[in-house]
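Subject: Structure for your review

Dear colleague,

Please find below the structure that I am handing over to you. My notes on what was found in it follow directly after it.

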Amino acid sequence: MSIDESTAARVAKLARIRVEPEALPELAEDFNRILGFIEQLNEVDVEGVEPMTSVTPMRLKRREDQVDDGGHAAQVLSNAPDAREGFFAVPKVVE
Amino acid sequence: MLDLTYEAPKVKTIAGAKHDWELVIGMEVHAQVSSRAKLFSSASTKFGAEPNSNVSFVDAAMPGMLPVINEFCVDQAVRTGLGLKAAINLNSAFDRKNYFYPDQPAGYQISQLYHPIVGEGEVLVEMGEGIARRVRIERIHLEQDAGKSIHDMDPTMSFVDLNRAGVALMEIVSRPDIRGADEAAAYITKLRQILRYLGTCDGNMQNGNLRADVNVSVCLPGQYEKYLESGDFSHLGTRCEIKNMNSMRFIQQAIDYEARRQIAIVEGGGTVDQETRGFDPDTGETRTQRSKEEAHDYRYFPDPDLLPLEIEQAWVDDIAASLPELPDEKKARFMTGFGLSDYDASVLTAEVEAAGYFEQAAEGRDGKLAANWIINELYGRLKKDETQLADSPVSPAQIGQIVDLIKSDAISGKIAKDVFEICYTSGRDPEEIVETEGMKQVTDTGAIETAVDEIIAANPAQVEKAKQNPKLAGWFVGQVMKATGGKANPKAVNDIVSAKLGL
Amino acid sequence: MADLNTLGLAEARDLLRKGETTSVELTEACLKAIDAADVLNAFVHKTPEIAMERARAADARLQAGDAPAMCGLPIGMKDLFCTEGVPSQAASRILDGFRPEYESTVSANLRDAGAVMLGKLNMDEFAMGSSNETSAYGNAINPWRRDGDDTALTPGGSSGGSAAAVAADLCLAATGTDTGGSIRQPAALTGTVGIKPTYGRCSRWGIIAFASSLDQAGPMTKSVRDAAIMLGAMCSHDPKDSTSADLAVPDFESLLSGDIRGKTIGIPREYRVEGMPAEIEKLWNDGTEMLKAAGAKVVDISLPHTKYALPAYYVIAPAEASSNLARYDGVRYGHRAKLAQGDGITEMYEKTRAEGFGDEVQRRVMVGTYVLSAGFYDAYYNRARKVRTLIKRDFEQAFAAGVDAILTPATPSAAFGLGEMTEADPVQMYLLDVFTVTVNLAGLPGITVPTGRDAQGLPLGLQLIGRPWEEADLLNTALALESAAGFVAKPARWW
């Protein structure tokens with residue numbers, strides 16, 4: 001498996017991280033080193049092995065259908081880079 | 001219980017320029033779970049609150065926040081599954097669907113891709129008397145709703161409200177068993193009806209509590225049967241998905257448009273692109289929503305903040321035991337138990353409240369008569385006032401009284417309408433109205449005879465004419481009715497007039 | 001009396017209860033030490049007002065005879081814990097200025113137990129790193145130096161600030177978090193004690209997530225006894241964390257006896273990795289002898305999938321991280337990039353995340369994105385989860401065969417110079433976690449104890465791995481090892 005620059009660019013795009021074109025070769029190289037390391041997993045016989053779903057098995061916790069949160073819009077918005085009229089404001093999303 | 005049998009409706013063909021075509025439609029319906037709190041947080045689900053007020057730190061995906069599932073939402077999904085005669089999966093799990101969007105605060109939606117809570121079921125969609133489409137349900141899974149982006153408040157910015165973010169949705173996925181725009185609308189109607197019976201979703205389409213993604217493709221006659229036989233989708237045409245429809249009318253328009261568009265493409269020698277499309281209500285057209293960004297890659301994986309959801313069979317059994325009677329069964333029982341027509345039974349079971357109203361009114365009485373009064377008189381009157389059954393000033397017991405008064409010959413059907421109107425406007429009980437207003441019909445033949453005698457004695461000329469022309473006996477009947485204030489039993493009056501005139 | 005800031009939790013607690021000192025005095029001593037140690041760059045947000053206020057409140061409780069376990073004891077808080085009204089940014093630019101409106105469960109537990117928070121501690125950005133060199137605050141510096149050499153050394157990572165602060169006596173103890181060794185490795189590199197409890201012991205609520213299925217909080221202290229005290233205060237069942245265990249928390253300290261006679265200690269042969277330095281080998285052998293001498297039975301065991309732990313970890317952790325870090329998008333909190341004319345939402349995301357995340361975080365987020373992407377999920381992520389099952393099974397089999405604890409080296413070497421590893425490729429840095437990641441993958445408790453020094457005088461530690469939920473037993477074995485090793489060295493003060 002070898003990752004080329006266009007794959008690196010695609011992954012960066014999926015992850016929404018801007019990578020300048022000149023940085024792509026090094027990024028692809030890093031990917032290849034890391035993935036090369038990960039490839040070792042192919043040596044393991046995993047036939048019939050269940051993938052781990054929870055490391056400490058227990059029953060999934062449940063909550064009751066009760067409203068005891070919310071009602072604090074000011075706190076929800078207090079850290080926002082741009083909040084207006086009770087909303088989070090972001091550059092226009094074109095549908 | 002009587003199991004009504006149905007025939008499948010004929011598939012309508014659509015004439016293209018070259019061939020006839022058939023529609024194949026599958027739907028993904030997003031139904032908001034009726035719950036007080038959200039799926040993974042304790043914030044309220046109430047509609048129409050101030051922006052970002054029904055938002056917990058979990059819903060806003062603040063750093064370090066974790067989901068804990070609302071057990072009631074699980075209950076509601078199971079209930080829905082049982083209502084759709086579906087398999088319940090005792091082991092299900094939550095996955096993250098990763099994508100960036102401002103109203104998706106965590107950058108992922110918690111959903112169930114790999115192991116949904118509900119498996120295969122079905123919905124019977126009636127398309128006429130004795131005709132119904134059986135639509136197979138592929139799965140139902142629980143997932144989070146997104147927030148809302150508002151694009152028209154500012155020229156350069158979009159505004160995000162997270163009140164809706166994290167509200168529980170059931171995504172109900174059908175097989176492509178729907179074969180026309182009318183069937184699609186009927187399917188949604190039926191699904192909505194069942195959900196409302198179950199109490200798991202209020203079905204409010206206007207508020208977006210029930211919305212559908214509609215997958216539409218066209219194929220040549222015969223191809224669909226090949227697909228059914230083999231399960232191989234390649235027999236069908238390429239489908240397009242019309243997203244986020246929350247109006248029955250728009251769904252039908254969109255399907256009609258999409259069918260014409262796809263047929264034109266294929267007949268023109270082109271190929272349909274598999275894509276997501278949106279419906280524009282202004283133009284009645286669908287258009288591609290292929291955004292500038294590359295194709296989606298949602299990178300689903302099991303949510304590590306949650307463990308697999310294991311439920312116990314006994315719990316499912318308890319829910320099953322508490323299921324209400326569902327529309328199909330109720331309709332069958334109304335037809336067999338009360339002798340209602342298919343139409344009347346359908347009308348009265350459309351909403352569970354109406355069915356309940358009817359049953360209260362008809363309890364121990366002539367069901368057909370009660371149905372007539374509800375459907376014709378009550379519904380008509382409510383419609384005139386633009387009122388709902390829930391706000392009806394006439395109670396089921398009062399309809400019952402009217403039925404009883406008619407059946408016991410205490411009042412005529414005509415008087416009954418007057419009694420109904422008084423009851424409707426004043427809220428007074430029909431029995432009391434009849435009593436107080438002296439509207440009881442006179443069946444005492446002695447009293448009627450006296451009245452007839454008086455009129456005959458006072459109108460010798462009319463008597464002569466009537467003897468020549470028996471049709472004029474009606475004049476005497478009218479006079480008697482007038483004299484008795486309409487309370488005389490019309491049949492008794494008729495009989496006595498005829499006898500006295502010697503006709 | 002020694003300087004108050006050099007005390008451990010147990011000693012300080014005892015003095016407080018005897019009325020021989022006050023929390024205010026302890027806290028002032030620590031604040032003074034912190035101000036004098038800016039060069040270590042351990043404390044990155046100091047909270048003296050909060051500290052003094054809590055110290056005074058603690059003194060009042062002590063006077064009233066109502067003193068909970070940590071009452072009046074000054075500690076440092078890793079920056080990964082959200083602390084209400086106090087900057088909490090996981091050492092990342094992307095959380096610049098973020099002040100949570102909530103307090104993490106663990107820090108709230110400590111606060112409720114009377115602990116005095118002195119400030120927030122440096123760390124690797126989002127806990128991704130093994131040397132504290134990925135921090136947006138700059139490097140934390142190990143108070144230890146090689147004999148006769150003033151090269152600045154790493155305190156390890158990711159809880160490097162915590163380790164440096166405890167080793168330099170800037171606080172009595174500190175919180176850490178451990179996803180692949182981030183408590184145990186820095187503890188080992190600074191001559192301190194660090195324990196990662198069983199996954200589910202400490203609530204993760206309010207701790208900025210790195211890899212959800214691996215993250216656990218734990219204490220970093222000056223002794224095993226202190227670790228027992230502080231762990232007890234940190235743990236709780238938390239209904240807000242679906243993975244938090246609904247189990248009673250034992251009184252770990254009262255269960256400490258140091259008596260390990262009859263216990264079985266496993267020595268896993270797979271941990272004898274290729275190229276292991278002789279002094280690590282010796283340290284391990286010495287530790288084995290110490291436990292034997294204390295009455296334990298020592299057996300060789302096999303954990304055959306050990307070799308695959310690191311590669312599995314470097315699939316699972318980045319995959320989870322890529323998703324956990326998607327929320328840092330410049331919409332609701334933290335940094336938002338300045339946009340150019342015509343930039344839309346996608347540009348905002350891409351610029352914000354490129355500016356906000358450091359190189360290592362970017363690298364891991366993208367690796368995680370890749371391994372989860374269409375077509376690779378089964379080959380990477382699912383396979384790694386299966387290998388994880390096998391790794392856990394290895395341990396289960398060892399425990400089932402009667403092993404009570406497993407003894408391994410903590411790190412492949414002593415602390416290295418800052419910058420020495422940055423030139424190497426990322427994988428070289430990842431190899432530093434070789435002895436610790438298995439424990440996270442299996443969800444087990446693990447503790448490192450300083451037991452010796454290398455040829456240049458730097459501290460070295462050994463790791464003990466216990467059965468799930470049996471931290472008390474593990475701490476007891478660690479106490480025996482600590483007593484036998486008698487490690488008392490302190491870094492010579494140069495700062």
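Chain B holds an open sheet of 3 strands in the order β6-β5-β16, with antiparallel pairing; helices (H or I, at least four residues) and strands (E, at least two) are DSSP runs numbered from the N terminus, and two strands pair if DSSP finds at least two bridges between them. The edge strands are β6 and β16 (301-302) of chain B, each of which pairs on one side only.

Before going further, please note that this is a predicted model, in which local features need pLDDT of at least 70, side-chain atom pairs count only at pLDDT 80 or more, and totals for chains, interfaces and linings use all residues. Residues are numbered from 1 along each chain as its sequence is written, while chains are lettered from A and ligands numbered from 1 in the order in which they are written.

Within the sheet, β5 (residues 95-98) of chain B and β6(B) pair in the antiparallel sense over 4 bridges, with B:R96 opposite B:I110. On the other pairing, β5(B) and β16(B) are antiparallel over 2 bridges, and B:D95 stands opposite B:P302. Strand β6 (residues 108-111) of chain B is covered on both faces: B:Y108 and B:I110 on one side, and B:Q109 and B:S111 on the other, are all buried. A residue is buried if 20 or more other C-beta atoms, placed from the backbone, lie within 10 Å of its own.

Turning to the nonpolar cores, each is a set of buried Ala, Val, Leu, Ile, Met, Phe, Trp, Tyr and Cys residues joined through C-beta atoms within 7 Å. The largest has 280 residues, and B:V214 and C:I75 have the most contacts inside it. Not counting residues up to four places away in sequence, B:V214 touches B:I25, B:M27, B:A184, B:I242, B:M245, B:I251, B:A254 and B:I255; contact here requires C-beta atoms, placed from the backbone, within 7 Å. A second, separate core of 32 residues includes B:V347, B:A371, B:L405 and B:M439.

Which chains meet chain A? The contact with chain B takes 39 residues from chain B and 31 residues from chain A. On the chain B side, β10(B) gives the largest share, 5 residues. That side divides into 19 nonpolar, 13 polar and 7 charged residues; Ala, Val, Leu, Ile, Met, Phe, Trp, Tyr, Cys and Pro count as nonpolar, Asp, Glu, Lys and Arg as charged, and the others, Gly among them, as polar. Strand β1 (residues 62-63) of chain A also pairs with β3(B) in the parallel sense over 2 bridges, and A:R62 stands opposite B:I69.

The contact between chains C and A takes 58 residues from chain C and 37 residues from chain A. Here α12(C) gives the most to the chain C side, with 11 residues, and that side has 29 nonpolar, 14 polar and 15 charged residues.

As for chain C itself, it has 15 helices and 11 strands. Its radius of gyration, taken over C-alpha atoms, is 21 Å, close to the 23 Å that the globule rule gives for 495 residues, so chain C is as compact as a globular protein of that length; the rule is 2.2 Å times the number of residues to the power 0.38. Buried residues make up 65% of chain C. Its mean pLDDT is 96, with 99% of its residues at 70 or more, pLDDT being the predictor's confidence in each residue, from 0 to 100. The model scores ipTM 0.97 and pTM 0.93.

With kind regards

Note on methods
Contact = placed C-beta atoms within 7 Å. Buried ≥ 20, exposed ≤ 12 C-beta atoms within 10 Å, placed from the backbone.
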